[in-house]
Amino acid sequence: MAAETADRTDDGTGTGGAAGPRRGLVLGGGGSLGAAWTVGALCALQDACGWDPRRADVVMGTSAGAIVGALLALGAAPADLLDHQRGGEPPDGPMAGVRLDYDTWVGGALPRLPRPGVGSLKLFRDLAGHPHRMPLPTVLAAAAPPGRGSLGGVRALFEQLQLEDRWPDPPKLRVVSVELDTGTRVRFGTSDAPATDLASAVTASCALPAWFEPVRIDGRRFVDGCAWSDTNLDLLAGEPVDEVFVLAPTCARETDHPRSVPARVERHLRRTSTLRLLREARLVRETGAQVHVLVPGPEDLAAMGANLMAPQKRLTVLETSLRTTAAALAETGPGGL
């Protein structure tokens, strides 16, 4: 299946256009380990399908996926991201000369104690009588105490790329965040979103409620796009694409069977995320686009454990993803979910 849907190219690299399909790439959230899994999966996808993810006509990222998607949109190759995660320094391209400690850039495996109160009293009151008007993660974001953590390490990455005050060109990148006081999703990079720089948009998309401080843009407070959906795939239903590749680190085709209570809770949340992804994929397919999905398997989940922010597992997750994703693509292709 992968060969049938992903080998059609117009210039040998897989880019869309008049001679080939217009392709979208959706990268979901998942913390530090989700980002590592995504980098490994992107490398496996490129090797298996002969399509360079940088050539996507639309790149949409949420949370950790926003970081990886932004780097792809800037021209960083999956192999460069892989080398950088491993501690190497690509000789050229956007990541050349960029120094980043992936184990400390978001403050470590555990959050600081949040501030007293609720994230948004306004949204909490608006939802009090109609909590089903928005997804449960949005309700929880409104009710969660304000976080104290800093995303300064993520902002520092884009400062090194000299993109702390502007947006990449061409404008094919979409970064999803949630406005905390209204519960509204925003796709930074589109004409109907507040104008902002790339560093602010990406940090807003990563600002997990109760963990990190909301990011202020244009006088409004924004939090992690996962406060609505881990992938926000349904937002691509309005984009003119023929095929969509989705990498969703917080979903699963089948899970492992952990013994620890935290891991079992995480797997339950993962099943909920997967059901939402299936609904969103159906909406996009109804527009006529093909949707191909890559998700972690049981071996990936065992490597990840219960805490997707645990830095000591990052390299294990990265190397596992390279191997398991390549095996999954060889067996069934990316469209089985």
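Which residue forms a salt bridge with Arg-174, and how far apart are the closest N and O atoms? The partner is Glu-239, with the closest N and O atoms 3.0 Å apart. By salt bridge I mean a side-chain nitrogen of Lys or Arg within 4 Å of a carboxyl oxygen of Asp or Glu.

Before going on, the ground rules. This is a predicted model, in which local features need pLDDT of at least 70 and side-chain atom pairs count only at pLDDT 80 or more, while totals for chains, interfaces and linings use all residues. Residues are numbered from 1 along each chain as its sequence is written, and side-chain values use heavy atoms, with hydrogens and water left out.

Now the overall fold. The protein has 11 helices and eight strands; these are DSSP runs numbered from the N terminus, helices being H or I of at least four residues and strands E of at least two. The radius of gyration is 19 Å, close to the 20 Å from the globule rule for 337 residues, so the protein is as compact as a globular protein of that length. That radius is taken over C-alpha atoms, and the rule is 2.2 Å times the number of residues to the power 0.38. The C-alpha trace spans about 55 × 45 × 45 Å along its principal axes.

Of the 337 residues, 56% count as buried. Buried means under 20% relative accessible area, exposed means over 50%, and partly exposed is in between, with a 1.4 Å probe and protein chains only. The protein exposes about 14,000 Å², and carbon and sulfur atoms supply 53% of that area. Accessible areas come from the Shrake-Rupley method with a 1.4 Å probe, and for residues only the protein chains shown count as cover. Among contacts with a separation of 6 or more, 76% are between residues 24 or more positions apart, a contact being heavy atoms within 4.5 Å.

Next, the interior. In soluble globular proteins, nonpolar side chains tend to be buried together. Here the largest nonpolar core has 69 residues, and Leu-25, Phe-158, Phe-188, Val-202 and Leu-247 touch the most other members. Helix H2, residues 31-49, gives the largest share of this core, 11 residues. A second, separate core has 19 residues, including Val-58, Met-60, Ala-281 and Ala-289. A core here is a set of buried Ala, Val, Leu, Ile, Met, Phe, Trp, Tyr and Cys residues joined through side-chain atoms within 4.5 Å.

Take Phe-188. Leaving aside neighbours within four places in sequence, Phe-188 has contacts that include Trp-167, Leu-173, Ile-217 and Phe-222, and also Arg-174. That brings us back to the opening pair.

Arg-174 and Glu-239 are both buried. Arg-220 and Glu-179 meet in another salt bridge, 3.0 Å from N to O. This pair links strand S6, which holds Arg-220, to strand S3, which holds Glu-179, across 41 residues. Where do the two partners stand in accessibility? Arg-220 is partly exposed at 28% relative accessibility, whereas Glu-179 is buried at 10%.

Glu-319 is in helix H11, residues 314-332, and Arg-86 is in the loop between H4 and H5, 233 residues apart. Glu-319 is partly exposed at 33% relative accessible area, and Arg-86 is partly exposed at 42%. The whole structure has 19 salt bridges.

Staying with helix H11, Thr-325 lies there too. Thr-325 is buried because its relative accessibility is 4%. Not counting residues up to four places away in sequence, Thr-325 touches Trp-37, Ala-41, Ala-44 and Leu-294.

Ala-306 lies in the loop between helix H10 (298-304) and H11, and is partly exposed at 29% relative accessibility. Leaving aside neighbours within four places in sequence, Ala-306 contacts Pro-262, Ala-263 and Glu-266. Ala-306 and Ser-260 are 46 residues apart in sequence, with their C-alpha atoms 8.5 Å apart.

Last, the surface. Val-118, Leu-121 and Phe-124 form a nonpolar patch with about 230 Å² of accessible area together. Patches are made of residues with over 30% relative accessible area and no salt bridge, joining like charges within 9 Å and nonpolar side chains (Val, Leu, Ile, Met, Phe, Trp, Tyr) within 5 Å. Val-118 is in the loop between helix H4 (78-85) and helix H5 (121-128), and is partly exposed at 32%.
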